[in-house]
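Please open the model in the viewer and display it as a cartoon. The tour begins with the whole chain and then turns to a single residue.

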Amino acid sequence: MAEGFLRSFDKQLEVFSAGTRPSKEVHPKAVEVMKEIGIDLSGQHPENVDKYLGQSFDYVITVCGNAKETCPTFMGDVKHHLHIGFEDPADAVGTEEEVLNEFRTIRDQIHRDFLTFYKDSVKQELQ
């Protein structure tokens with residue numbers, strides 16, 4: 001979801017998303033709740049972070065609970081390492097609607113925090 005938001009803030013940003021234990025597909029509920037606000041994740045595919053370890057990045061951002069502790073060290077040139085953490089909505093339990101509402105809550109938190117990050121950091125660097 002964070003990748004989708006960053007791309008929506010600025011179409012010219014080069015954004016990558018990867019995980020330490022990626023799923024086979026983007027969670028269908030993440031796709032659903034992002035579609036509700038006009039962001040299409042259906043073409044996205046989870047990737048393993050190992051694919052990017054030797055590359056250079058302006059920002060490497062971990063987002064979920066233990067990712068900050070388990071994220072491998074990037075060997076490439078990384079200007080900024082950040083952790084903007086969220087609960088993993090895939091861990092939500094309850095009725096279908098309760099789980100969907102948890103995805104919406106986390107989606108809205110990601111939007112808020114990544115918009116702040118974009119305005120305060122990325123946009124500043126681009127000026």
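The stops below are given in the order in which they may be selected.

This is a predicted model, in which local features need pLDDT of at least 70 and side-chain atom pairs count only at pLDDT 80 or more, while totals for chains, interfaces and linings use all residues. Residues are numbered from 1 along each chain as its sequence is written, and side-chain values use heavy atoms, with hydrogens and water left out.

**The whole chain**

Select the protein chain and colour it by secondary structure: 4 helices and 2 strands are present, in the sequence order α-α-β-α-β-α. Helices (H or I, at least four residues) and strands (E, at least two) are DSSP runs, numbered from the N terminus. The radius of gyration, taken over C-alpha atoms, is 15 Å, close to the 14 Å that the globule rule gives for 127 residues, so the chain is as compact as a globular protein of that length. That rule is 2.2 Å times the number of residues to the power 0.38. Along its principal axes, the C-alpha trace spans about 45 × 30 × 25 Å.

Next, colour the chain by accessibility: 32% of the 127 residues count as buried, that is, under 20% relative accessible area with a 1.4 Å probe, protein chains only.

**Glu-3**

Now select Glu-3, which is placed in helix α1 (residues 2-9). Is this residue buried or exposed? Glu-3 is buried, with a relative accessible area of 16%.

Then show the side chains of Glu-3 and Gln-44, which are joined by a polar contact of 2.9 Å. Such a contact is a pair of N or O atoms within 3.5 Å; within protein, one must be able to donate a hydrogen and the other to accept it, and residues adjacent in sequence count only if both atoms are side-chain atoms.

Finally, select Thr-62, 59 residues from Glu-3 along the chain; the C-alpha atoms of the two are separated by 12 Å.

Terms used
Buried means under 20% relative accessible area, exposed over 50%, partly exposed in between (1.4 Å probe, protein chains only).
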